Amino acid sequence: MRITDTADLWWKTAVVYCLDVETFMDWNGDGIGDFEGLSQRLDHLSELGVTCLWLMPFYPTAERDDGYDITDFYGVDPRLGSHGDLVEMIRTANDRGMRVIADLVMNHTSIKHPWFAEARTSTDNPYRDFYVWRSDPPPDTSADVVFPDAETGTWQLEEKTGEWYLHRFYKEQPDLNIANPLVRDEIAKVMGFWLQLGLSGFRVDAVPFLLETEGVTDEEAAAFADPHAYLRALRALLGRRSGNGVLLGEVNLPHDQQAQFFGGADGDELTMQFDFIAMQAMYLSLARADAQPLVDALLARPPVSPDCQWATFARNHDELTLDKLSDDERAEVFAAFAPDERMQVYGRGITRRLPPMLDGDPRRVRMVYSLMFSLPGTPVLFYGEEIGMGENLAAEGRLAVRTPMQWTAGENGGFSTAAPSRLPGPVVEGGFAPEFVNVAQQRQDPDSLMSFMKLLIRRYRESPELGWGDIEVLETDQPAVLVHRCTWDDGTLVAMHNLSAEPVTVPVTLDGCGPGHRLVDLLQVQSTDVGEGGTTVLALEGYGHRWLRVVAADSRRLL
């Protein structure tokens with residue numbers, strides 16, 4: 001495939017940036033971030049190199065689950081602005097080369113959604129079957145709850161009708177009945193509506209829960225025997241409406257089950273999926289200063305269709321889940337990065353951002369982001385990562401990492417001119433407070449983390465083999481060092497990362513290379529000649545990292 005054939009699959013080499021409008025930038029001074037404020041900060045994201053914005057829920061909400069309990073799938077929360085403000089922001093982002101996707105949260109509604117308000121009135125209401133009900137007392141489902149600190153089961157009694165409704169999340173979030181064709185039609189309409197307003201796709205929330213048929217009648221289950229057929233239909237709808245839109249799915253399952261949500265070899269279901277397993281293995285490798293857990297996770301990735309992609313990340317908007325690690329492995333990661341119980345949540349995750357977990361060591365922070373961007377896939381950043389924001393453990397649970405964006409060293413970090421009590425959450429305090437960590441200062445510092453992130457993003461965008469190529473892990477005699485090679489078309493990139501504090505010298509053998517080939521460092525100005533048999537010896541400082549492009553004597557590539 002020629003490089004000119006790849007434009008329709010823009011997401012293969014995109015840089016995705018997740019943000020919550022509510023906490024990003026307040027422009028009208030009411031204490032709440034808004035679309036006008038986001039529009040005013042799009043130049044920052046463009047300068048950073050972002051090519052795709054992922055918006056967390058901006059819909060009207062009852063505010064039980066930070067916007068994920070929606071009361072109107074077609075609306076815009078008036079605190080954030082209007083439909084017009086959203087469309088203007090999308091147009092402005094497009095003008096700067098950025099596409100916009102948004103959370104599609106269709107597994108459940110708010111208890112205050114008009115559908116549920118109707119459904120709970122009587123057993124024969126037309127909206128009753130939009131949700132999942134049972135008339136007999138449910139069994140113990142305490143092991144199935146997503147929020148064990150708040151719920152004891154997944155069924156809630158509705159007093160008026162004497163029946164129970166299903167809720168996989170909070171009881172204020174009743175599950176929709178995906179087996180009902182009317183519900184499936186509504187999901188398609190919601191997608192079509194937002195695509196018409198300019199979105200380029202969706203991050204699909206809780207996909208396995210969305211497609212499950214727990215609690216539905218036997219007749220409904222039989223009529224909806226293949227939930228993946230519906231996922232294929234949504235992907236087809238997206239293709240018809242947008243041409244090159246994306247469905248980025250949250251599927252935290254073992255790799256073999258994730259492959260099913262891609263659509264197998266056909267690649268006709270989810271466009272992209274987060275690689276939760278590699279992310280968790282990375283933290284185990286960091287805790288041990290041993291690359292092997294991450295190597296095992298990367299090599300265990302099932303092959304995917306060229307029409308699909310893995311999404312890589314170091315941190316996201318939820319707790320840093322460790323649910324795919326064993327109990328002993330999870331204890332290792334907790335001991336290394338979250339020794340205080342206040343830093344842990346649900347016994348399975350960490351409510352901290354990366355820099356505090358790494359004790360603010362800039363070598364380690366930069367090494368981890370270099371590693372993330374060098375892994376095959378599409379990198380996803382959470383707002384504030386570009387400047388090394390910390391968390392505020394005074395905020396409840398996952399809200400600890402959803403603090404206001406830090407633009408300046410001024411009051412409220414330049415996020416808002418309102419009184420601190422009116423903000424959506426507390427600003428970070430301590431060593432990662434705005435006076436120490438903010439955009440304005442780092443823009444002026446060529447050695448800042450933000451300057452380094454700009455370089456990483458630029459190099460990633462210049463290296464299509466990271467989005468398109470396959471990974472080959474090269475053998476080394478250093479357990480703490482990961483050396484991997486990505487090749488696509490006529491390009492080859494070798495990345496090296498030292499997970500330990502000790503400097504090392506690493507012998508490397510590159511098949512197909514020899515005298516006349518050079519390894520040109522993409523993150524600093526230097527190069528290394530390749531010897532006979534493709535051998536070379538490369539040095540890495542403690543927590544060092546290098547990106548090396550393999551260049552032949554007759555290469556026509558621009559470095």
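# Exercises on a predicted model

Ile-90 belongs to helix α4, which spans residues 83–95. The model is a predicted one, and the exercises below work through parts of it.

## Exercise 1. Surroundings of Ile-90

Task: Determine whether Ile-90 is buried or exposed, and state which residues it touches, not counting those up to four places away in sequence.

Solution. 
- Step 1. The relative accessible area of Ile-90 is 2%. The cut-off for buried is under 20%, so Ile-90 counts as buried.
- Step 2. With residues up to four places away in sequence set aside, Ile-90 touches Val-100, Leu-197, Gly-198 and Leu-199.
- Step 3. As a separate distance check, take Gly-390, which is 300 residues from Ile-90 along the chain. The C-alpha atoms of Ile-90 and Gly-390 are 29 Å apart.

## Exercise 2. The interface of domain 1 and domain 3

Task: Describe the contact between domain 1 and domain 3 by its residues, its buried area and its polar pairs.

Solution. 
- Step 1. Locate the domains. The assignment gives domain 1 as 3–107 + 181–460, domain 2 as 114–166 and domain 3 as 470–551.
- Step 2. A distance of 30 Å separates the C-alpha centres of domain 1 and domain 3. The contact involves 27 residues from domain 1 and 22 residues from domain 3.
- Step 3. Take the area. About 2,000 Å² is buried between domain 1 and domain 3, and 75% of it is on carbon and sulfur atoms.
- Step 4. List the polar links. There are zero salt bridges between domain 1 and domain 3. Six residue pairs are in polar contact across the interface, both residues of each pair being at pLDDT 80 or more.
- Step 5. Assign the domain 1 side to elements. At least two residues each come from α11 (276–288), α12 (292–299), α15 (362–374) and α17 (449–461). Helix α15 gives the most, with eight residues.
- Step 6. Sort the domain 1 side by class. It has 17 nonpolar, four polar and six charged residues.

## Exercise 3. The buried residues of α12

Task: State which residues of α12 are buried and what covers them.

Solution. 
- Step 1. The buried residues of α12 are Pro-293, Leu-294, Val-295, Ala-297 and Leu-298.
- Step 2. The cover over these residues includes the helices α10 (255–262), α11 and α15. It also includes β15 (470–473) and β16 (481–488).

## Exercise 4. A buried glutamate

Task: Locate Glu-158 and list its contacts beyond four places in sequence.

Solution. 
- Step 1. Glu-158 is part of strand β5, residues 155–158.
- Step 2. Its relative accessibility is 7%, so Glu-158 counts as buried.
- Step 3. Apart from neighbours within four places in sequence, Glu-158 is in contact with Arg-120, Trp-133, Glu-163 and Tyr-165.

## Exercise 5. Salt bridges

Task: From the 34 salt bridges of the structure, examine Arg-203 with Asp-103, Arg-288 with Glu-332, and Asp-340 with Arg-342.

Solution. 
- Step 1. In the pair of Arg-203 and Asp-103, the closest N and O atoms are 2.6 Å apart. The partners are 100 residues apart, Arg-203 in strand β7 (201–204) and Asp-103 in strand β3 (99–104). Arg-203 is buried at 1% relative accessibility, and Asp-103 is buried at 0%.
- Step 2. For Arg-288 and Glu-332, the closest N and O atoms are 2.8 Å apart. This pair joins helix α11 to helix α13 (327–337) across 44 residues of chain. Arg-288 is partly exposed at 36%, as is Glu-332 at 30%.
- Step 3. For Asp-340 and Arg-342, the closest N and O atoms are 3.3 Å apart. Asp-340 is partly exposed at 30% relative accessibility, whereas Arg-342 is exposed at 54%.
- Step 4. Finally, note the network. Salt bridges with shared partners connect Asp-66, Asp-318, Glu-319, Arg-348, Arg-398 and Arg-402.

Terms used
Residues are numbered from 1 along each chain as its sequence is written. This is a predicted model: local features need pLDDT of at least 70, side-chain atom pairs count only at pLDDT 80 or more; totals for chains, interfaces and linings use all residues. Side-chain values use heavy atoms; hydrogens and water are left out. Domain bounds come from an automatic or database domain assignment. Contact means heavy atoms within 4.5 Å. Buried area is the accessible area (1.4 Å probe) that two parts lose on being put together, summed over both. A salt bridge is a side-chain nitrogen of Lys or Arg within 4 Å of a carboxyl oxygen of Asp or Glu. A polar contact is a pair of N or O atoms within 3.5 Å; within protein, one must be able to donate a hydrogen and the other to accept it, and residues adjacent in sequence count only if both atoms are side-chain atoms. Helices (H or I, at least four residues) and strands (E, at least two) are DSSP runs, numbered from the N terminus. Ala, Val, Leu, Ile, Met, Phe, Trp, Tyr, Cys and Pro count as nonpolar, Asp, Glu, Lys and Arg as charged, and the others, Gly among them, as polar. Buried means under 20% relative accessible area, exposed over 50%, partly exposed in between (1.4 Å probe, protein chains only).
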